[in-house]
Amino acid sequence: MAIVSLNEFFYRSASIEPTHIINYARPHTPHSSDEAAGGQHVALMVPICCTKCAEKVKEVLWEVEGVNAVMCDRYNHKVTVTGSGYIDPVRVLKKAKQVQSKSELWTLGS
C-alpha cells in the first residue's frame, strides 16, 4: 500500500489547495516602520456562503482608505482587513454591511 499525502487523499492532487480561504493582498512595499510591523488589523464576522460573496465583500472593503489586504475565511465566516496606519473599524463595518447586513465586528472570548 502506497503512502498518500493528505492533499492527495482529500483533493486528488497535491497541487490543489482548499478554496474556503481566499487571500487578497495588494503588492506593497512598506515605507515606514509602522507598515513594516504590519499596520492595523480589523476582524469582522461576515456571513460568506460562496466565492461570489467573498468577491463582493473584498471589492467593497478595498474602497476603505488605507487598506492593504483583505483575507476572507469562508469556513469561519471571518474577514480580516489589514492596513497601513489607522483603519477605522466602524467605517470598515459599515462598508461590509453594504453587502452583508448581518456583519459584525469579530469579538474574542465573550
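Helices (H or I, at least four residues) and strands (E, at least two) are DSSP runs, numbered from the N terminus. The model is predicted, so local features need pLDDT of at least 70 and side-chain atom pairs count only at pLDDT 80 or more, while totals for chains, interfaces and linings use all residues. Residues are numbered from 1 along each chain as its sequence is written, and side-chain values use heavy atoms, with hydrogens and water left out.

**Exercise 1.** Locate C49 and state whether C49 is buried or exposed.

Solution. 
- Step 1: C49 sits in the loop between β2 (40-45) and α3.
- Step 2: Buried means under 20% relative accessible area, exposed over 50%, and partly exposed in between (1.4 Å probe, protein chains only).
- Step 3: The relative accessibility of C49 is 62%, so C49 is exposed.
- Step 4: Along the chain C49 and R74 are 25 residues apart, and their C-alpha atoms are separated by 6.6 Å.

**Exercise 2.** Determine how many disulfides the structure holds, and examine C53.

Solution. 
- Step 1: A disulfide is a pair of cysteine sulfur atoms within 2.5 Å.
- Step 2: The structure has zero disulfides.
- Step 3: For C53 the nearest cysteine sulfur is that of C49, 3.4 Å away, and C53 is in no disulfide.
- Step 4: C53 has 12% relative accessibility and therefore counts as buried.
- Step 5: C72, with a relative accessible area of 0%, is also buried.

**Exercise 3.** Describe how α3 and α4 cross.

Solution. 
- Step 1: Axes are lines fitted to C-alpha atoms, for helices over the stretch in contact, and angles run from 0 to 180 degrees between N-to-C directions.
- Step 2: The axes of α3 (residues 51-61) and α4 (residues 89-99) come within 9 Å and cross at roughly 140°.
- Step 3: This makes α3 oblique to α4; angles under 35 degrees count as roughly parallel, over 145 as roughly antiparallel, 65 to 115 as roughly perpendicular and the rest as oblique.
- Step 4: Contact means heavy atoms within 4.5 Å. K56, V57, V60 and L61 in α3 meet V92, K95, A96, Q98 and V99 in α4.
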